[in-house]
Amino acid sequence: MSSADAAAPVVAVVTVAYHSEDALEGFFRTLPGALDGVPAEVVVVDNASADRDRSAERARRAGATFVGLDENLGYGAGADAGVAALRSRPDYLVVVNPDVEFTDGAIRSLLDAADSVLEGAAFGPRIVDEHGAVYPSARRFPRVGTGVGHALLGRIAPGNPWTRAYRAEDDHGAARRETDWLSGACLLLRRSAYDEVGGFDHDYFMYFEDVDLGQRLADAGWHSIYVPDATVMHFGARSTSLVAGRMDRAHHDSAYRYLSRVYPRWYHAPLRLALRAGLGARSLARSRQDGNG
């Protein structure tokens with residue numbers, strides 16, 4: 001659907017593509033069912049990928065606006081570029097990865113939740129992978145205790161208490177609930193709250209931009225709501241796998257950026273130094289392990 005439809009858009013759907021032309025087929029195929037008749041304006045932002053012309057053509061066929069960027073600005077900045085390109089001003093924004101496919105009524109369910117929780121700024125669906133496994137998309141804010149434990153043991157012992165606390169796994173269920181932050185893979189945002197906090201922080205090229213957004217929304221008095229009755233399927237890593245080494249480094253850089261802002265005071269300096277050293281060593285070890293050095 002697009003702003004050319006007779007009804008004024010209720011929601012804008014913005015997706016940020018990077019070598020994602022193939023994924024857009026499933027995205028556009030399932031989007032109408034997710035909207036379930038809700039008028040929407042759709043924008044595809046391409047982050048200077050090699051297949052941008054094919055993505056532009058696919059967006060055109062779907063009636064979506066296409067924004068081709070001359071350089072890769074990262075996920076959050078790309079999403080903000082899509083919002084800036086909107087021709088309408090609906091009350092809600094859906095920021096979503098292009099390798100997401102929707103179940104019927106998913107976006108309508110998110111909108112229903114937003115209409116019923118007026119203090120809510122961000123609303124996230126239940127996210128499953130292609131095998132049906134639930135991704136822990138509603139999480140607690142990372143802090144040194146949970147973050148370090150998860151970083152050290154998350155891969156080798158995923159059931160450890162720090163990872164379980166960080167992912168809030170015991171809290172996942174069928175009921176809508178408040179959480180600290182929600183995965184940026186698919187996120188409904190109240191436009192007034194998004195504007196109030198200034199959108200995404202462009203210092204985050206990739207990763208943690210959703211954690212940071214949730215933190216700033218919470219600091220401004222807004223709430224994030226997990227809506228498991230809305231479900232999307234995220235295939236994941238279709239584009240980032242092409243530059244896995246760079247993305248792994250970006251993940252560790254973003255983790256440090258976020259945590260250094262959580263612990264900004266002068267007496268936190270030794271902690272920040274330890275975080276920098278530990279995350280740098282972990283990034284180097286992962287790069288060598290995965291053969292991306």
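Here is a friendly conversation about a predicted protein model.

Visitor: Good to be here! How many helices and strands are there in the protein?
Guide: Welcome! Please keep in mind that this is a predicted model. The protein has 293 residues, and buried residues make up 53% of them. As for secondary structure, the protein contains ten helices and twelve strands.

Visitor: Among contacts between residues at least 6 apart in sequence, what percentage join residues at least 24 apart?
Guide: Contact here means heavy atoms within 4.5 Å. Counting contacts between residues at least 6 apart in sequence, the share that joins residues at least 24 apart is 80%.

Visitor: Let's turn to aromatic rings. How are the rings of Phe27 and Phe28 arranged?
Guide: A search of the whole structure gives two aromatic pairs. In the pair of Phe27 and Phe28, the ring centres are 5.3 Å apart and the planes stand at 80 degrees. Planes over 60 degrees apart count as edge-to-face. The pair of Phe27 and Phe28 is therefore edge-to-face.

Visitor: And which arrangement do the rings of Phe27 and Phe102 have?
Guide: Here the ring centres of Phe27 and Phe102 are 5.6 Å apart, with the planes at 55 degrees. An angle under 30 degrees would count as stacked and one over 60 as edge-to-face. The pair of Phe27 and Phe102 is therefore tilted.

Visitor: Which parts does the pair of Phe27 and Phe102 tie together?
Guide: Phe27 is buried, and Phe102 is buried too. Phe28 is also buried, and Phe27, Phe28 and Phe102 form one aromatic cluster. Because Phe27 and Phe102 sit in elements 75 residues apart in sequence, their pair ties together helix H1 (residues 21–35) and strand E5 (residues 100–102).

Visitor: Is Ala56 buried, partly exposed or exposed?
Guide: Ala56 belongs to helix H2 (residues 52–61), and its C-alpha atom is 8.7 Å from that of Glu21, 35 residues away along the chain. The relative accessible area of Ala56 is 23%. Buried means under 20% and exposed means over 50%. Ala56 is therefore partly exposed.

Visitor: On to the backbone. Where does His19, with its phi near 55 degrees, lie?
Guide: Most residues other than glycine have a negative phi. The phi of His19 is a positive value in a residue other than glycine. His19 is partly exposed, with a relative accessible area of 27%. His19 is found in the loop between strand E1 (11–17) and H1.

Visitor: And what is the phi of Asp36?
Guide: Asp36 lies in the loop between H1 and strand E2 (40–46). Asp36 is partly exposed, with a relative accessible area of 44%. Asp36 is a residue other than glycine with a positive phi, near 50 degrees.

Visitor: I'm curious about cavities. Which helix gives the most to the lining of the largest cavity?
Guide: The whole structure holds one cavity of 30 Å³ or more, and about 40 Å³ of space lies in the largest cavity. Strand E10 (181–182) and helix H8 (209–219) each supply at least two lining residues. The biggest contribution, four residues, comes from H8.

Visitor: How many nonpolar, polar and charged residues does that lining have?
Guide: The residues lining the largest cavity are Ala122, Trp181, Leu182, Leu187, Asp210, Leu213, Gly214, Leu217 and Ser224. Gly counts as polar and Asp as charged. The lining has six nonpolar, two polar and one charged residues.

Visitor: Since H8 came up, how many of its residues are buried?
Guide: Among the buried residues of H8 are Asp210, Leu213, Gly214 and Leu217, which also line the largest cavity. Just after H8, Gly221 takes a positive phi of about 95 degrees. H8 is mostly covered, with a buried count of nine of its eleven residues.

Visitor: One last stop: which backbone nitrogen does the side chain of Asp201 reach?
Guide: Asp201 lies in the loop between helix H7 (191–197) and H8. Its relative accessible area is 18%, so Asp201 is buried. Leaving out residues up to four places away in sequence, Asp201 touches Asp212, Arg216 and Arg261. At 2.8 Å, the side chain of Asp201 reaches the backbone nitrogen of Asp203.

Note on methods. Residues numbered from 1 in each chain as written. Predicted model: local features only at pLDDT ≥ 70, side-chain atom pairs only at ≥ 80, totals over all residues. Heavy atoms only, no water. Buried < 20%, exposed > 50% of the residue type's maximum accessible area, 1.4 Å probe, protein only. Phe/Tyr/Trp six-rings, centres within 6.5 Å; stacked < 30°, edge-to-face > 60°. 1 Å grid on protein atoms, 1.4 Å probe; cavity = no way out; pocket = protein on both sides within 12 Å on 5 of 7 lines; lining within 4 Å. Points joined across faces, edges and corners; volume = space filled by probe spheres on them. Polar contact = N/O pair within 3.5 Å; in protein donor to acceptor, adjacent residues only side chain to side chain.
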